[in-house]
Amino acid sequence: TVEAGASGFKSAVQKDIDLQVGAVKRVDLSLEVGAVTESVEVTDKASQIASGNAAVGTVVGNQQIIDLPLNGRDYLQLVKLSPNVTSGMGSSAEAAVRVGGDRAAESIAVAGQRIEFNYYTLDGVSNVDTTYDLFLVRPSVDALQEFKVQTGVFSAQYGRATTEISVTTKPGANEFHGTAFEFLRNSTLDAKNWNQAGALKNPFRRNQYGFTVGGRLIRDKLFFMSNYESLKDRKTTQQLANVATPRMRNGDFGAVRTIFDPASRVFTTGANGSPLAVSATPFPNNAIPVNRFSPIALAMLQYYPSPTVPGDVIASNYVRPVPAPTNWDQFTQRIDWNENANS
């Protein structure tokens, strides 16, 4: 609400002005001659056309962030709903190896620019890893107020990249508010994959939980917002490997290929004068005699698993479940100090 008044004029009031992140609003009020006790109230919404700058942007508000489905509670997925945004291309291979986590997996291209040409801010502060131009911190969805995807000709406080993604967290207020949440995924509640008929489901547990609480420390002066979120992901994948079959472990390679006795090799001299093996005699029945087994090889063989798939095929004959746990915790703390009406 904006109100203006002067002696000898009616007061002018304009309400319901929506001031979003990164927005500049112009409010024009006209004071009419009259008693100071009279007022003119404008109830229509202010124009949504930004006449103060040439930037083009889309604001995603708190209700959209909370209500729209987000895989993994990643609010940056909503950037892809903005006009002129493309996603789904591959991420930087070097960043994916060196950065870790899922920061390098965010592939967002705005206005035809590269995915590295995005600049992230959090509550007005730079939120960019300058090595790979990725975001540094991705706050919990429940800690966010809104964010804006901005392109075009920025005003002086922005810049450095062709796209600005400005994120603001929730401030505290005089009244206390709080939420607690948990999102659960569990293999017990999931159906089997279409190609797992008769097989056990891969175990899977995913819990994402936390809380947000905000309020005042000093009424009208000092406010806080505290947020905590944790992820416990217990995924199990199926991996394949090639291991020696029981016949091979006993020296019998008859089902695989012809093997030659290295002691029977016949040598000649190569073009550079070094010995060159030109022929050798196969082992009888393609089996290595037991007395020729290397004690070092036998000692190492005990650490190799036996195949889980019967038969003489060695390709992908060992199947095992591999746990892939993911754990992370994050805490966001915001403090606001309202010095006075003029600051």
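User: How many salt bridges does a search of the whole structure find?
Analyst: The search finds 14 salt bridges. Keep in mind that this is a predicted model.

User: What makes arginine 73 and aspartate 142 a salt bridge?
Analyst: Their closest N and O atoms are 2.5 Å apart. The cut-off is 4 Å, so the pair qualifies. Aspartate 142 sits in the loop between strands S10 and S11, and arginine 73 in the loop between helix H1 and strand S5. The two are 69 residues apart. Arg73 and Asp142 also belong to a salt-bridge network with Glu229.

User: Why is aspartate 142 called buried?
Analyst: Its relative accessible area is 11%.

User: Why is arginine 26 called exposed?
Analyst: Arginine 26 has a relative accessible area of 64%. Exposed means over 50%, so the label holds. Aspartate 28 is exposed too, at 55%. The side chains of arginine 26 and aspartate 28 form a salt bridge, 3.1 Å from N to O.

User: How do you know that lysine 232 and aspartate 329 meet in a salt bridge?
Analyst: The N to O distance is 3.6 Å. That is within 4 Å, so the pair counts. Lysine 232 lies in strand S15 and aspartate 329 in strand S18, so the bridge ties together parts 97 residues apart in sequence.

User: What makes lysine 232 partly exposed?
Analyst: Lysine 232 has 25% relative accessibility.

Notes:
Residues are numbered from 1 along each chain as its sequence is written. This is a predicted model: local features need pLDDT of at least 70, side-chain atom pairs count only at pLDDT 80 or more; totals for chains, interfaces and linings use all residues. Side-chain values use heavy atoms; hydrogens and water are left out. Buried means under 20% relative accessible area, exposed over 50%, partly exposed in between (1.4 Å probe, protein chains only). Helices (H or I, at least four residues) and strands (E, at least two) are DSSP runs, numbered from the N terminus.
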